[in-house]
Amino acid sequence: VSWNVMIAGYAHHGYHKEALKLFQQMKQGDIEPDVITFASVLNVCAHLAALEQGRQIHEDFNKSGLGMDIFVGSSLIDMYAKCGHIEHAREVFDKMPEQNVVSWTAMIGGYGQHGDCEKALNLFCKMQQEGVKPNEVTFVNLINACASLAALEHGQQIHSHIIKFMFEPVAFVGN
């Protein structure tokens, strides 16, 4: 547990490289990482756009036998998307045994980062069909994905969904 606290603390305060070094020390000390450890270091890799380290950690996770969960899956989606590998992010998303609003939002955000408004909107529609209620971050990611003038109509549709879900005016959605 203390390893997780230290790794998460370093990451939270922007000491990403130190968090990865600590993870390496943990592994060298034959201490087995858990899902929280893997999710934390994958988030670090996303912040650093450290694809090769992220892939290695993904491989380590697969070998660990822990089994995919929402936190690790969402972290993998975010890491692959931020490292420019949206197809790998989608592969992880599709293989997850279950998805929640965090994993759906991470995938929608990944499409937005890659400027693919259509895929972001299609996934949002599928999310609703699956009965997953979007949150404010989902809408921020959708708005960012459709920020071009060509997507004005889509932006108006997103705005109507925000009203439909009766979100209170929130600064990051309003901006």
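This is a predicted model: local features need pLDDT of at least 70, side-chain atom pairs count only at pLDDT 80 or more; totals for chains, interfaces and linings use all residues.
Colleague: What about contacts in the protein between residues at least 6 apart in sequence: what share join residues at least 24 apart?

Modeller: That share is 59%.

Colleague: Let's do helix pairs. At what angle do H2 and H3 pack?

Modeller: About 140°, and the axes are 9 Å apart. H2 covers residues 16-28, and H3 covers residues 35-48. Angles over 145 degrees would count as roughly antiparallel, so at this angle H2 is oblique to H3.

Colleague: Which hand is the crossing of H2 and H3?

Modeller: H2 passes H3 in a left-handed crossing.

Colleague: Which residues meet there, in H2 and in H3?

Modeller: On the H2 side you have His16, Lys17, Ala19, Leu20, Phe23 and Met26. In H3 they meet Thr37, Phe38, Val41, Val44, Cys45, His47 and Leu48. By class, the contact of H2 with H3 has nine nonpolar residues, three polar and one charged.

Colleague: What does Cys45 touch, not counting residues up to four places away in sequence?

Modeller: Cys45 touches Leu20, Ala50, Gln53, Gly54, Ile57, Met79 and Cys83. There's also a C-alpha distance to mention: Cys45 and Lys17 are 28 residues apart along the chain, with their C-alpha atoms separated by 9.0 Å.

Colleague: Cys83 is on that list of Cys45 contacts. How many disulfides does the structure hold?

Modeller: Zero disulfides.

Colleague: Next pair. How do H7 and H8 pack?

Modeller: Helix H7 spans residues 101-113 and helix H8 spans residues 117-129. They pack at an angle of about 165°, with their axes 8 Å apart. That makes H7 roughly antiparallel to H8. The crossing of H7 and H8 is left-handed.

Colleague: Which residues make the contact of H7 and H8?

Modeller: From H7, Val101, Trp104, Met107, Ile108 and Tyr111. From H8, Lys119, Ala120, Leu123, Phe124, Lys126 and Met127. The classes in the contact of H7 with H8 are nine nonpolar, no polar and two charged.

Colleague: Moving on to loops. Where is Glu98, and is it buried or exposed?

Modeller: Glu98 is in the loop between helix H6 (86-95) and H7. Glu98 is exposed, at a relative accessible area of 54%.

Colleague: What is Asn100 in contact with, leaving aside neighbours within four places in sequence?

Modeller: Asn100 is in contact with Ile70 and Val132. Asn100 also lies in the loop between H6 and H7, and it is partly exposed at 27% relative accessible area. Asn100 and Val132 are 32 residues apart in sequence, with 6.8 Å from C-alpha to C-alpha.

Colleague: Last topic, backbone. What is phi of Asp30?

Modeller: It's near 55°, a positive value in a residue other than glycine. Most residues other than glycine have a negative phi. Asp30 lies in the loop between H2 and H3 and is exposed, with a relative accessible area of 68%.

Colleague: And what's the phi of Ala49? Where does Ala49 lie?

Modeller: Ala49 has a positive phi of about 50°, although it is not a glycine. Ala49 lies in the loop between H3 and helix H4 (51-64), and counts as partly exposed at 44% relative accessibility.

Technical notes
Residues are numbered from 1 along each chain as its sequence is written. Side-chain values use heavy atoms; hydrogens and water are left out. A disulfide is a pair of cysteine sulfur atoms within 2.5 Å. Axes are lines fitted to C-alpha atoms, for helices over the stretch in contact, and angles run from 0 to 180 degrees between N-to-C directions. Helices (H or I, at least four residues) and strands (E, at least two) are DSSP runs, numbered from the N terminus. Angles under 35 degrees count as roughly parallel, over 145 as roughly antiparallel, 65 to 115 as roughly perpendicular and the rest as oblique. A crossing is left-handed if the near helix is turned anticlockwise from the far one by less than a right angle, and right-handed if clockwise. Contact means heavy atoms within 4.5 Å. Ala, Val, Leu, Ile, Met, Phe, Trp, Tyr, Cys and Pro count as nonpolar, Asp, Glu, Lys and Arg as charged, and the others, Gly among them, as polar. Buried means under 20% relative accessible area, exposed over 50%, partly exposed in between (1.4 Å probe, protein chains only).
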